[in-house]
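Let's take a walk through a protein together, one contact at a time. Have a look at the model first, and then we'll start with a single side chain.

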Amino acid sequence: MRQYLSGTKAAAEAAKLAEVNVVAAYPITPQTSIVEYLASFVANGELQAQMIPVESEHSAMSATYGASLAGARTFTASSSQGLCLMHEVLFMASGLRLPIVMAVANRSLASPVSIFADHQDSLAQRDTGWLQFYVENCQEVLDTILLAFRVAEDQRVLLPVMVCFDGFYVSHISEPVDVPTSEQVKSFLPAFRANYPTLDLTSPKMFNVMAFPDSFEEFQRDKHESMRKATKVIKEAMDHFAQIFGRNYGMIETYRTEDAELVLVGLGSMMGTVKASIDILRSEGLKVGMAKIKAFRPFPFAELAEVLQNAKAVGVLDRDISFGSTGIVYQEVLASLKHLEHEPLVLDLIAGLGGRDITVDTVVKSARLLQEASEAGYGKDRVIWVDANQDLLDIWKVGAAHVG
């Protein structure tokens, strides 16, 4: 049935369809309405689950962790500073191989304070051992949360998953969404049965015990290998999802890359604007294509290299920055291309921080910069702030000189 849903409502509907047993929640903009919707489902009897309101995001992840360890299918949601407050427990959840699913409504990090979207919050958690999916629209939010449970609970993976979507651009926009029936979802995602060691009063166990130097590294390697194996599991799950629901997803989504000389790469909702801009640029004779990365962890190195192997130049649109270095996605894309016989020129194009809109003009400017660098034959490892306000920077420069 098609319904008109916001991104947050789509996330809540997905958790309801997955028949989660426990939801732990602490509100933070722009995520709050996800857990508000879930609380109303529980109160109305539409969802048979335990709702746990807590006093902070650290406690929300701790409660989710405990419930998962007790053998429950668990879900939570967060954003920005709240996600950072969970940081410590995120490592514990992945280390204990708990298949928790969390929706992340992406929002920039303070300081200065901002409630608007960029990818700094979730990309700052990239090394916590959680799988990360980035989605473009409300339909993809619902579908990917169902996929996330299926992948997380697979015996070959058993790792937690974040499903990330841009705050306000996706969380608060409403679109027609195809909501599957409970029977359809059950044919894809069976009723939960914990297939990992759990807390049991009749058979006491210890978890999260001390690992000395003779074994700690092996635990980390095992987690890394499980993350790598997740690529195969994700592809299998996506194929099965397409058979049942008719919607196809991949580790990456491409658009007009077959003959593209220039390719723009990125995450999330901005890639819809990129797709529309490519049609404009193509009509002007510029051979441009798009590669949208859906699975950021595990990173699709081989799939991306195959798409980009014939490009002359690649522009990475980073809605984040690793201060003192480059954008974070840029580093991953470079690593994908290092073993190619022909390595394309790669530019890092920083844009859209703190919710600044990435418009068609932003994308066209990015493509023109990429074209110029390709023709000049230089620009490797160069970071460009595509949409920085030069007037504002000049004012600050004058002010700093005056203070000095």
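Does arginine 156 count as buried, partly exposed or exposed? At 37% relative accessibility, arginine 156 counts as partly exposed (buried means under 20% relative accessible area, exposed over 50% and partly exposed in between, with a 1.4 Å probe and protein chains only). Before we go on, keep in mind that this is a predicted model, where local features need pLDDT of at least 70 and side-chain atom pairs count only at pLDDT 80 or more, while totals for chains, interfaces and linings use all residues. Residues are numbered from 1 along each chain as its sequence is written, and side-chain values use heavy atoms, leaving out hydrogens and water.

Back to arginine 156: it forms a salt bridge with aspartate 154, with the closest N and O atoms 3.0 Å apart (a salt bridge is a side-chain nitrogen of Lys or Arg within 4 Å of a carboxyl oxygen of Asp or Glu). Aspartate 154 is buried, at 16% relative accessible area.

The structure holds 26 salt bridges. In one of them, glutamate 140 meets lysine 294 at 2.9 Å, N to O. Glutamate 140 sits in helix H7 and lysine 294 in the loop between strand E11 (288-293) and strand E12 (295-297), so this pair ties together parts that are 154 residues apart in sequence. (Helices, H or I with at least four residues, and strands, E with at least two, are DSSP runs numbered from the N terminus.) Both glutamate 140 and lysine 294 are buried. They also belong to a network of salt bridges that links Glu136, Glu140, Glu253, Lys275, Lys292 and Lys294.

Now for the greasy side of things. The largest nonpolar core has 57 residues, of which Leu38, Phe75, Leu131, Ile145 and Phe165 touch the most other members (such a core is a set of buried Ala, Val, Leu, Ile, Met, Phe, Trp, Tyr and Cys residues joined through side-chain atoms within 4.5 Å). Helix H7 (residues 138-152) gives the most to this core, with 10 residues. Apart from it lies another core, of 47 residues, including Leu123 and Val333.

Finally, the rings. There are 9 aromatic pairs (rings of Phe, Tyr and Trp, its six-membered ring, with centres within 6.5 Å; planes under 30 degrees apart are stacked, over 60 edge-to-face and the rest tilted). Phenylalanine 116 and phenylalanine 168 have ring centres 5.8 Å apart and planes at 50 degrees, so their pair is tilted.
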